[in-house]
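Trainee: Hi, could you walk me through this one? I'd like to go piece by piece.
Mentor: Happy to. Have a look at it, then ask away.

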Amino acid sequence: MKNFSMRDGAFRRVFALLLLAMTVMAAGCSSIRFSYNQGDTLLYWWMNSYVDFEGQQADVAKRDIKAVFQWHRKTELRDYAALLGTFKRQLAGNPTQADLLGDYREIRVRADRLGQRAVPELTTLAMSITPEQITHLERKFKDKNDEYRRKFMDGSADKRQRARFKKSMEQMELWFGNFSSEQEATLRRASDLRPLDNILWLEERQYRQRRVLAVLQEIQQKKLNREQTSARVAGLMRELSARMDSPERKGFYDASIDHTTKFILTAIRIATPQQKAHAQERIQGWIGDLEALAAGK
């Protein structure tokens, strides 16, 4: 399930406020509460690595991150806990691929809702971006793309399969704990059935990066006012979200989601009772974290 939110989050990674969705929905560490309570500071430094804030920008960014976190904590976290409760109930039974596809759609709805809430803050950021910062952002994109090529595109097909499988297993072990060698062999076979489409994923990253840079350049060069900038930011977010359903990319995304859900189902079906109990306990811990955070703890 983590794969969904990560891949659906290319635009969120660009405008880093939207990393909030990944922090909570992906459950990327053992304690959501710890990471979330540190999230505003970590998110600021992450954003700074892309934008290289200057002067008052830093104070404004910190203020806006805090505002979005406050909204998110107050309005979204109990809903996330309820969604994790759905995952937990599904895991206790025999979930189908349709169940996982439904989960994926629910995550997309919440990611889009977060994105729309952050439009005012993203508008403020976009209006403050300088030509030098756009150049810095472009270099950062290039560096990240080069890193992606080294990790997932260099070497033989088997090397790339192993790199992808290693990343997937880190996520599976977060949920289920350790797998036996026999289970890992089964999961490796299921993983290798997925298309090795790293080139297409890189193309998607680059397309989204180009669109972000183009909108920022338009805002800066034309000196758009706040209303115009807000319309551009909101429109770009809708465009990139809708791209998954566009005629030229729907087949690619649908195939990726289909193979990913089948891989997850394989892990669920071969999991032992002890491993499923581990997942249930882990999910319940995350639910408790979310509920505590929503209560301001």
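Trainee: Which residue does D245 form a salt bridge with?
Mentor: D245 pairs with R108, and their closest N and O atoms are 3.7 Å apart. A salt bridge here is a side-chain nitrogen of Lys or Arg within 4 Å of a carboxyl oxygen of Asp or Glu. Before we go on, this is a predicted model: local features need pLDDT of at least 70, side-chain atom pairs count only at pLDDT 80 or more, and totals for chains, interfaces and linings use all residues. Residues are numbered from 1 along each chain as its sequence is written, and side-chain values use heavy atoms, with hydrogens and water left out.

Trainee: Thanks! Where do D245 and R108 lie?
Mentor: D245 is in the loop between α14 (226–242) and α15 (250–270), while R108 is in helix α8, so the pair ties together parts that are 137 residues apart in sequence. Helices (H or I, at least four residues) and strands (E, at least two) are DSSP runs, numbered from the N terminus.

Trainee: Is R108 buried or exposed?
Mentor: R108 counts as buried, at 14% relative accessibility. D245 is partly exposed, at 43%. The cut-offs are under 20% relative accessible area for buried, over 50% for exposed, and partly exposed in between (1.4 Å probe, protein chains only).

Trainee: How many salt bridges does the structure hold?
Mentor: There are 23. Another one joins E76 to R113, with the closest N and O atoms 3.0 Å apart. E76 sits in the loop between α6 (56–75) and α7 (77–92) and R113 in helix α8 (residues 97–117), so this pair ties together parts 37 residues apart in sequence.

Trainee: How accessible is E76?
Mentor: E76 is buried, with a relative accessible area of 4%.

Trainee: What does D158 pair with?
Mentor: D158 forms a salt bridge with R188, where the closest N and O atoms are 3.1 Å apart. This links distant parts of the chain, as D158 is in helix α11 (residues 157–176) and R188 is in helix α12 (residues 181–192), 30 residues apart. D158 is partly exposed at 41% relative accessibility, whereas R188 is buried at 19%.

Trainee: What is Q161 in contact with?
Mentor: Leaving aside neighbours within four places in sequence, Q161 is in contact (heavy atoms within 4.5 Å) with R188, S191, D192 and L196. From C-alpha to C-alpha, Q161 and R188 are 8.8 Å apart in space, though 27 residues apart in sequence.

Trainee: New topic: which residues of α9 are buried?
Mentor: In helix α9 (residues 119–128), they are V119, E121, L122, T123, L125 and A126. What covers them includes α5, α6, α8, α13 and α14.

Trainee: Last one: what is phi of K223 near?
Mentor: It is near 55 degrees, a positive value in a residue other than glycine. K223 is found in the loop between α13 (198–222) and α14, and K223 counts as exposed at 60% relative accessibility.
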